[in-house]
Amino acid sequence: MNGAALQKNGRAAFTLVELLVACTVLTLLAVLTARAFQGATLLWERSTFRSEAYREGRAACEILWQDLAGLLPPDPEGSVLPLLVLDHPPEAGAEDRANEAFCATTLAPGTGEPTLVGYRAVWDDQTGTYALRRTLRQDGAAALASGSGSVAATYFGDPAAAEEETVAACVWDFTVRPATTSGTAGPYPAKAYTADFPAWVEIRFKALGPSATRKLAGLQITRETWANPADPLFRRAILPHAESFFIRVPLAGAPTAP
């Protein structure tokens, strides 16, 4: 068969080989375009999720800062608990050891009355995440003074006596560290400060934004998943969208450096 045999009505036709080559090229272009689109979509999604996590975490940092900046100065007679740092929320198990809690005597917003404000990362079985909760108790000082056993259980254990709100929907690895005037963060003491304040308090946590948190629904995520950064599910569904936060809040009434 020659070139003249491929002509009909004065028009040239494609050979089977040429059609196969054209189909192959179009298929490759379609695959490359789909991959590029998928990559761009994933990049946009991650950027959006990280941006949301940043806004969520920064808002929590501002609230934490305002509460600790309003910390009451120490009582010379030691009759109040100006700052109380706790090991963990009362319901926490071994898998929650990285999540801690604290409460402080501060001035209530609006009224200016002394009150206790507390923070803790609370596990939510429905969402499979930790939420950062803020609790206000007008009777907190009396409850702590008369309570027995775990101070965390005394302060956080009576929901009827407290006003609790969610500061951030997905926060974990919430830790609080007092620091000395030398600038070295000390080991975590489960103690109440009534006079000898640390120079400042360091607070660290990780956060996810609302969209990334919603994507976790339906996944088999447990407390152990959050506590194990090497878990494949953690690395795939959580780590790429997380932001880490750190603030250092100077405390009123703390000793000054010599």
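Is Lys206 buried, partly exposed or exposed? Lys206 is partly exposed, with a relative accessible area of 29% (buried means under 20%, exposed over 50%, partly exposed in between, with a 1.4 Å probe and protein chains only). This is a predicted model, in which local features need pLDDT of at least 70 and side-chain atom pairs count only at pLDDT 80 or more, while totals for chains, interfaces and linings use all residues. Residues are numbered from 1 along each chain as its sequence is written, and side-chain values use heavy atoms, with hydrogens and water left out.

**Salt bridges**

- The whole structure holds five salt bridges (a side-chain nitrogen of Lys or Arg within 4 Å of a carboxyl oxygen of Asp or Glu).
- One of them joins Asp173 to Lys206, with the closest N and O atoms 3.0 Å apart.
- That pair connects distant parts of the chain, as Asp173 is in strand β8 (residues 171-179) and Lys206 in strand β10 (residues 200-207), 33 residues apart.
- Asp173 is partly exposed at 23% relative accessibility.
- Glu243 and Arg50 also meet in a salt bridge, at 3.0 Å from N to O.
- Here Glu243 is in strand β11 (residues 243-250) and Arg50 in helix α1, 193 residues apart.
- Glu243 is buried at 19%, whereas Arg50 is partly exposed at 32%.
- Arg134 pairs with Glu165 in a salt bridge, the closest N and O atoms being 2.7 Å apart.
- Arg134 lies in strand β6 (residues 129-137) and Glu165 in strand β7 (residues 163-168), so the pair ties together parts 31 residues apart in sequence.
- Arg134 is buried at 7%, while Glu165 is partly exposed at 40%.
- Asp67, Arg134 and Glu165 are linked in a network of salt bridges.

**Largest pocket**

- The largest pocket has a volume of about 210 Å³ (on a 1 Å grid over the protein atoms alone, a pocket is an open set of points where a 1.4 Å probe fits, with protein on both sides within 12 Å along at least five of seven lines; lining residues have an atom within 4 Å of a point).
- Eleven residues line this pocket, and the closest to its centre are Glu45, Lys215, Arg236, Ala237 and His241.
- Helices α1 (16-69), α4 (210-215) and α6 (232-237) each supply at least two lining residues (helices are DSSP runs of H or I, at least four residues; strands are runs of E, at least two).
- α1 gives the most to this lining, with three residues.

**Surface patch**

- Val17, Val21, Val25, Leu26 and Leu29 make a nonpolar surface patch of about 470 Å² (residues with over 30% relative accessible area and no salt bridge; nonpolar side chains are joined within 5 Å, like charges within 9 Å).
- Leu29 is in helix α1 and is partly exposed at 47%.

How values were computed
Grid points are joined across faces, edges and corners, and a volume is the space filled by probe spheres set on the points. Accessible areas come from the Shrake-Rupley method with a 1.4 Å probe; for residues, only the protein chains shown count as cover.
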